[in-house]
Protein chains: 2
Amino acid sequence: MSIAQSARGAPESSSRRAILDTAARLLRSGGYHQTTLREVAEAVGIRKASLYYHFASKEEIVEAVANDGVRFVHDAVSQALDDTADAPPRKRLEAAIAAHLTALHGHGDYTSASIKAFSFGAIPAPDSVRRIRRAYEEVWRGLIAEMQAAGILSPERSAETLRYFLLGALNGSIDWQRPGRFDATELAREFTALIAPHNDGVKP
Amino acid sequence: MSIAQSARGAPESSSRRAILDTAARLLRSGGYHQTTLREVAEAVGIRKASLYYHFASKEEIVEAVANDGVRFVHDAVSQALDDTADAPPRKRLEAAIAAHLTALHGHGDYTSASIKAFSFGAIPAPDSVRRIRRAYEEVWRGLIAEMQAAGILSPERSAETLRYFLLGALNGSIDWQRPGRFDATELAREFTALIAPHNDGVKP
DNA sequence: CCTACCGATCGGTAGG
DNA sequence: CCTACCGATCGGTAGG
């Protein structure tokens, strides 16, 4: 898993990962400004100053969490698309949506931490985050183009608007997620049917 | 306009409104934690301590801004629905979406300030905000039920999921709004077509 | 990875 | 609406 290793594949200390795990959890629940390095350090079991042995600044910690978070959802969605390579287009769309929702609401805190830290301009996203995020967006650009070509999504609709619309709706689920009652599979089915309705002869 | 008056219709000092206008602008661009009372006071042209002559706390200022913001979009959408009372259902949906987007991206800062302050749990929403927000949600519940009854939106889809999906997508536009190039009318048309496609015989 | 410390800034208060 | 002030807390640094 890409999260278990830094970008260049260099070995990573378990302390560093423990810090990021904790930061991700706190960022997910509190966002950037509410998350303090004191909280992070205390939860990890070290002194605050010791964080600076591993990272140069708070920004650097948040940046690392956010990058891993986007990589995590990117990998999950790519995997879902690989797994459904031979499935009907609508199934692929549904699998991608389910994977995105699972990355957001599953046990990992990195993806939702990333979104909470940088959505609505809470804090300006560093270049590295923007770059990695853009790479992930390409997956959706490709998928939407595929769906339009397959006739699942109307080619008359702006592909960019569609993408913004869909990802905005998916990420918005952070706000109304009931921790227990969340079923990514069912929700993905519902979302897919919403933007790509079946034409099962319900209407003439 | 409801924003020009406090909830009980009591007269409101111009200073109070100046403070709220400024707070709304700063909250819109910076969110809750990044907006400081010093900034607000300086922009208004008074000393920070003087804010406490009008408000008891930072929370109270933010609460007032957020409440006005939700009232503003609520009024705008209600007005749009009244104005299109005799129009075809799809036109009504489109008008409501356009009104919501305009409230978000128009010159008023209150609505987007409200969303930025309380989305993704940036800060827990006070009871008054939750109550006013719930009243606004009722407008959309009613509208979606109307659309499902009219066959514009599929009755097979969960009305609540539809509402969450749509409002999440609309509010998400805060993130990709290009200040100049924003056309609420065109975007509303696109969004409406997306969730409520025409059946103009394009497909058999 | 620690102890000890710091300047800056926060929301808020006293008292007029 | 002001001057003056405060305790708390923030991210970060020195030096080991």
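The model is predicted, with local features needing pLDDT of at least 70, side-chain atom pairs counting only at pLDDT 80 or more, and totals for chains, interfaces and linings using all residues. Residues are numbered from 1 along each chain as its sequence is written, and side-chain values use heavy atoms, with hydrogens and water left out.

Chain A has nine helices and zero strands, where helices are DSSP runs of H or I with at least four residues and strands are E runs of at least two, numbered from the N terminus. Its C-alpha atoms sit in a box of roughly 70 × 35 × 30 Å along the principal axes. Of the 204 residues, 49% are buried (under 20% relative accessible area with a 1.4 Å probe, protein chains only). Taking contacts (heavy atoms within 4.5 Å) with a separation of 6 or more, 70% come from residues 24 or more positions apart.

Lys58(A) belongs to helix H4, residues 58–83. This lysine is buried but has no salt bridge (a side-chain nitrogen of Lys or Arg within 4 Å of a carboxyl oxygen of Asp or Glu). The nearest side chain of opposite charge is that of Glu59(A), 6.7 Å away; Lys and Arg count as positive here, Asp and Glu as negative, and His and the chain ends are not counted. What does turn up is the backbone oxygen of Tyr32(A), 3.0 Å from a polar atom of the Lys58(A) side chain. Beyond its neighbours within four places in sequence, Lys58(A) touches Tyr32(A), His33(A), Thr35(A) and Leu37(A).

Note on methods. Chains are lettered from A and ligands numbered from 1 in the order in which they are written. Buried means under 20% relative accessible area, exposed over 50%, partly exposed in between (1.4 Å probe, protein chains only). A polar contact is a pair of N or O atoms within 3.5 Å; within protein, one must be able to donate a hydrogen and the other to accept it, and residues adjacent in sequence count only if both atoms are side-chain atoms.
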